[in-house]
Amino acid sequence: MIKIENLTCGYDNTILENINLSISQNKITFIIGQNGSGKSTLGNILTGLKKDFKGKITINNQEINKKTSIINLRKLISMVFQNPNNQILFTSVYDDIKFTLENINTNPKEIENIIKESLKKVNLLDKINSNPYNLSGGEKQRLAIASILALNPKYIVFDEATSMLDINNRQEIYELIKVLNKNNIGIICITNIMDELTIADEILIIDNKKIFKYTKEELLNNISILTNHHLNIPLSLKIINILRNKGNSINNENDILKVLNNL
């Protein structure tokens, strides 16, 4: 469990003010809000990239502050960024993940097995000796995820990690996110792609320096929640809402397709 207590932070002005909430490790949590609302700021705080804040943050009962070792923090929580090219450092997939493991003082005898297991989880084992720069956009993002999985973290923050991918590669990342969460990795997704909310369990909406927490079920039952927070309702949620009002059991885009195929 991530617990945030009395969090206030900002830059030249206050962005988040007196925030109190919890984020579960066994759920997929999405963070949404208007541009500049503080989505990435919250992600940066949770992952130790922004340390100037007031309040208290604990991750699985370990308090996170300026004194927290970056090595210990990365074993708790890590981030996948928007542009996977920014996370590539070497000319082989193997060496890219090896560098990550060496930075946390991993036993050299264990490194090869950890790398192989991490690549297997993202379906990239056959690319172990490839040049990362020759991979597709989706493969690069999966490599970034594999590098994080090698650290065996409890939580992963995805900061608009699908925004540069085409729809097919996005779907692969969505399915991977679901699998990771089923394997007890807490997932926190920061996004501007509102259609992605269909894979969420819980949604955090940042609005006017505050954070409002909803379950997906609450959102699907009342999609006007989004407009109340000055956000657009995506087409997928509009369709789900229409089909639900007609008596269909709809929770995601796959359910939409099932209904359409039966017409």
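Modeller: Helices (H or I, at least four residues) and strands (E, at least two residues) are DSSP runs, numbered from the N terminus. The model is a predicted one, in which local features need pLDDT of at least 70 and side-chain atom pairs count only at pLDDT 80 or more, whereas totals for chains, interfaces and linings use all residues. Residues are numbered from 1 along each chain as its sequence is written, and side-chain values use heavy atoms, with hydrogens and water left out.

The spaces are found on a 1 Å grid over the protein atoms alone: a cavity is a set of points where a 1.4 Å probe fits but cannot get out, a pocket is an open set with protein on both sides within 12 Å along at least five of seven lines, and lining residues have an atom within 4 Å of a point. Grid points are joined across faces, edges and corners, and a volume is the space filled by probe spheres set on those points. Helix α6 contributes the most to the lining of the largest cavity, with three residues. For the classes, Ala, Val, Leu, Ile, Met, Phe, Trp, Tyr, Cys and Pro count as nonpolar, Asp, Glu, Lys and Arg as charged, and the others, Gly among them, as polar; on that basis the lining of the largest cavity divides into nine nonpolar, two polar and two charged residues.

The second largest cavity has a volume of about 30 Å³, and the residues that line it are Ile45, Gly48, Lys50, Lys51, Phe53, Ile64, Asn65 and Lys66. By class, three of these lining residues are nonpolar, two polar and three charged. Ile45 belongs to helix α1, where Lys39, Thr41, Leu42, Gly43, Asn44 and Leu46 are buried along with it, buried meaning under 20% relative accessible area, exposed over 50% and partly exposed in between (1.4 Å probe, protein chains only). Seven of the eight residues of α1 (residues 39–46) are thus covered, and Gly48, which follows that helix, has a positive phi near 80 degrees.

The open spaces come next. The largest pocket has a volume of about 560 Å³, and of its 24 lining residues Arg74, Gln87, Thr100, Ser147 and Leu151 are the closest to the centre. Two or more residues of this lining come from each of α2 (70–76), β6 (77–80), α3 and α5, with α5 giving the most, five residues. The lining of the largest pocket consists of 14 nonpolar, seven polar and three charged residues.

Helix α4 (residues 108–121) has 14 residues and spans 21 Å from its first C-alpha to its last, close to the 20 Å expected, the expected span being 1.5 Å times one less than the number of residues. At its start, a side-chain oxygen of Asn107 comes within 3.0 Å of the backbone nitrogen of Lys109, and just after α4, Asn123 has a positive phi of about 60 degrees.

In the loop between α4 and α5 lies Asn131, which counts as partly exposed because its relative accessibility is 25%. The side chain of Asn131 reaches the backbone nitrogen of Tyr133 at 2.9 Å, which is a polar contact (a pair of N or O atoms within 3.5 Å; within protein, one must be able to donate a hydrogen and the other to accept it, and residues adjacent in sequence count only if both atoms are side-chain atoms). Beyond its neighbours within four places in sequence, Asn131 is in contact (heavy atoms within 4.5 Å) with Thr91 and Ser92.
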